[in-house]
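Thanks for asking me to look this one over. My notes follow as numbered points, with the structure first.

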Amino acid sequence: ATPTALMVGTGRGAQLGILIKGPEVLESTRRVDTVVLDKTGTVTTGRMTLQEVYVAQDAEDAKGSGGSAGFDEKDVLRLAGALEHASEHPIARAVAAGAEERTGALPPVEGFENVPGRGVRGRVGGREVMVGRLAPAPLPAALARAEEAAAAAGRTAVVVTVDGTAAGVLTVADSVKETSAEAVRRLRALGLTPVLLTGDDERVARAVADAVGIDEVIAEVLPEDKVAVVRRLQGEGRRVAMVGDGVNDAAALAAADLGLAMGTGTDAAIEASDLTLVRGDLRVAADAIRLSRRTLSTIK
Ligand code: ADP
Ligand code: MG
């Protein structure tokens, strides 16, 4: 009887848009009590757009630095856009597209380097440029205020550093998927505790968590540390399902008791997971868990 019941489960799964790696996967879903949700691309669309551009040189900061900083908004945007053009990160795509739209064709980059979970660096027109969370602290007051305001509004801010000096702040906005709040409700209805996990700023993560009804937030986690978060939760005796889409989620998806990948995400995430939500609809994560629990109860 067992194989038939499993086939029913997987066939129904395919109808719902769930791909299941193998029948043994169903067993793992049974005792899961915690569901860790990646933020960008999982709870949010991950399609970010460039919003504001701030420069360091307002009256006050120019006085403080001897008035020598000297980058206007267009300079900052072009340098950042040129650099981000070489990256695939959702923030990078937003910055490069916004810069190209607002300032025209972007100059070439030399010595490009991606710093996972932190940002990018390289040379543009003979200048050393960095974008992300790589600027020397403390930020000039005007930029610190810009960053604070962005975070309060739930937007991600990245700092543009030119030749070692923080020259500007760019903000990008992502949006919460329409289906995410309903998905969180359904996961809770199954008795699961949702946890939001992200490399992004704590304040931005809180704003997203509040919007979808998640209480537990683990933010500012480096890509290589996401797996450690899953292991720590498991060490506390929790049985963890993880839903993610990025290359940086792959190790955590593999370590989780049940890994679920967004079908709209990267191949690395899909390969590391037990289940794939074909349409990238988070509500289906709850359907998948409910379906496999029901399938198991038919078997037993
Ligand atoms: P998430 O966990 O939300 O998918 P990441 O781990 O990819 O986020 O990135 C964490 C943070 O590192 C971002 O919020 C951003 O501040 C910074 N960062 C990473 N890559 C870039 C990039 N290409 N450009 C600018 N900032 C970046
Ligand atoms: Mg992601």
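1. Which residue takes a positive phi in the hairpin of β4 and β5? Gly117 does, with phi near 75°, in a hairpin that has three residues between the strands. Helices (H or I, at least four residues) and strands (E, at least two) are DSSP runs numbered from the N terminus.

2. A word on conventions: this is a predicted model, where local features need pLDDT of at least 70, side-chain atom pairs count only at pLDDT 80 or more, and totals for chains, interfaces and linings use all residues. Residues are numbered from 1 along each chain as its sequence is written, while chains are lettered from A and ligands numbered from 1 in the order in which they are written.

3. Strand β4 (residues 109–115) runs antiparallel to β5, joined by five bridges; strands count as paired if DSSP finds at least two bridges between them. Asn114 has Val120 in β5 as its bridge partner. β5 also pairs with β6, in the antiparallel sense over six bridges, and there Gly119 is partnered by Gly132 of β6. The hairpin of β5 and β6 has two residues between the strands, and Gly125 takes a positive phi near 55°.

4. Ligand 1 has 22 residues around it, and Thr40, His89, Gly132, Gly199 and Asp200 come nearest (a residue is near if its C-beta atom, placed from the backbone, lies within 6 Å). The elements giving two or more residues to this shell are α3 (39–43), α6 (90–103), β5 (119–124), β6 (127–132) and β7 (156–162). By type, the shell holds six nonpolar, eleven polar and five charged residues; Ala, Val, Leu, Ile, Met, Phe, Trp, Tyr, Cys and Pro count as nonpolar, Asp, Glu, Lys and Arg as charged, and the others, Gly among them, as polar.

5. Seven strands form an open sheet with mixed pairing, in the order β1-β13-β12-β11-β2-β9-β10. Its edge strands, β1 (18–20) and β10 (216–218), each pair on one side only. Within the sheet, β12 (residues 258–262) and β13 (residues 275–277) pair in the parallel sense over three bridges, and Met262 stands opposite Leu277 in β13.

6. Arg231 belongs to helix α10 (residues 226–235). Arg231 is partly exposed, with 14 other C-beta atoms within 10 Å; on this scale 20 or more means buried, 12 or fewer exposed, and in between partly exposed, with C-beta atoms placed from the backbone. Arg231 and Asp257 are 26 residues apart in sequence and 9.9 Å apart in space, C-alpha to C-alpha.
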